[in-house]
Amino acid sequence: MLNLERLRILDALARHGSVSGAADGLHVTTSAVSQQLAKLEREVGQQLVAKNGRGVRLTDAGRLLADHAARILSHVALAQADIEAQRGRVVGEVRLAGFPTAARGLFPRAITTLRAGHPELRVRSSELEPEHGIRHVLRGDVDLAVVLDWSNKRLPVPGGLAHTALLDDAADVAMPAGHPLAGRAEVDLEDFADDDWVSWPEGEFCHDWLVFTLRSKGIEPRIAHLAGEHHTQLALIQAGLGVCVAPRLGRGPVPEGVALVPVRQQMRRHIYAVWRADADRRPSIRAAVEALREAGAAVGG
């Protein structure tokens, strides 16, 4: 008889690609992962992992069993969802992830609503960039992620995930108060062809969007500074070091000496929640989605 928890560890190893990654994803020690894999090998009578440099890799038998493990665990998750749905109570734990401004702008209100309405539900939250949020939902590391894309650049949502819109978030251009365009009622991005830009870190979806958008308008962006936090970006603007795109969700107080001007052809982020379709019937997922919708309506309204 195959042990379900050992299959879960093999599945985590296949998804994360390393013993340490599997241990982090399951919140156990690396020695526990290694011990359980050794026991699983004894159960099946075949070698499932082999050394690969300083790490390990799955053998052919390991990949075969890992494929079965993923399907088995999906059926177990579906069974748990059905049992939870039949019981009808919002209990247990739900794990949320969101990109930083969503975590700041939506999570406090949504989690407070969940705690007030469902005291038996434990909510855990973390910050993850959109691509990582989707990956963690697919891997089962989080139950629901708040992600984004832009009106002119969509973020692909893989099959097997359900999603719902939460709100559209407009963005302005932030510039030093002494900038020649700071007093305008509206601006065009083309007006900043000769300015330095403050952007999100390279490789992040929003950085790629900014480069794509400026180039689509015939502007080769002069990106001088990279910062992941919007407050850091605005501090650089305050110091007169460039301009940046400043979404409104979770923006908070604007530093003195920074001007925000709307863009004539409005830039909007589409913000939505994603979760595994096989968890769709869980009352805790439905409750979390509804709380996020309410938070989005309050912020967007």
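1. Two strands are taken as paired here if DSSP finds at least two bridges between them. The model under review is predicted, and the points below should be read accordingly.

2. Overall composition. The protein chain holds ten helices and ten strands. Its C-alpha atoms fill a box of roughly 75 × 50 × 30 Å when taken along the principal axes. Of the 301 residues, 47% count as buried. Among contacts with a separation of 6 or more, 75% are made by residues 24 or more positions apart.

3. The protein chain exposes about 14,700 Å², of which carbon and sulfur atoms supply 49%. The side chains include 36 positive and 37 negative ones, and the centres of these two sets lie 6 Å apart.

4. An unreviewed UniProt entry lists residues 2–59 as "domain: HTH lysR-type". In the model, this span is 62% helix and 14% strand, and its end C-alpha atoms are 18 Å from each other. The name of the domain comes from the record, whereas the helix and strand percentages are computed from the model.

5. Strand S6 and its cover. Strand S6 comprises residues 161–176. This strand is mostly covered, with 13 of its 16 residues buried.

6. Pairing of S6. Which strands pair with S6 in the antiparallel sense? One is strand S10 (residues 258–276), joined to S6 by 15 bridges in an antiparallel arrangement. Within that pairing, Thr164 has Ala273 of S10 as its bridge partner. Another is strand S9 (residues 244–247), which pairs with S6 over four bridges, also antiparallel. Here Ala174 is bridged to Cys244 of S9.

7. Val137 in helix H7. Helix H7 spans residues 130–139 and contains Val137. Is Val137 buried or exposed? Val137 is buried, because its relative accessible area is 0%, and the limit for a buried residue is under 20%.

8. Surroundings of Val137. Leaving aside residues up to four places away in sequence, Val137 touches Val142, Asp143, Leu144, Ala145, Leu161, Val274, Trp275 and Arg276. One of these, Leu161, belongs to S6, which covers residues 161–176. Val274, Trp275 and Arg276 fall within S10, given as residues 258–276. Val137 of H7 therefore has contacts in both of these antiparallel strands, which is in keeping with its relative accessible area of 0%. Separately, the C-alpha atoms of Val137 and Ala97 are 8.9 Å apart, although the two residues are 40 apart in sequence.

How values were computed
Residues numbered from 1 in each chain as written. Predicted model: local features only at pLDDT ≥ 70, side-chain atom pairs only at ≥ 80, totals over all residues. Heavy atoms only, no water. UniProt positions renumbered as here; feature names shortened; annotations may be inferred. Helix = DSSP H or I, 4+ residues; strand = E, 2+ residues; numbered from the N terminus. Buried < 20%, exposed > 50% of the residue type's maximum accessible area, 1.4 Å probe, protein only. Contact = heavy atoms within 4.5 Å. Areas by Shrake-Rupley, 256 points an atom, 1.4 Å probe, with all protein chains shown as cover. Lys, Arg positive; Asp, Glu negative; His and termini not counted. Charge placed at Lys NZ, Arg CZ, Asp CG, Glu CD.
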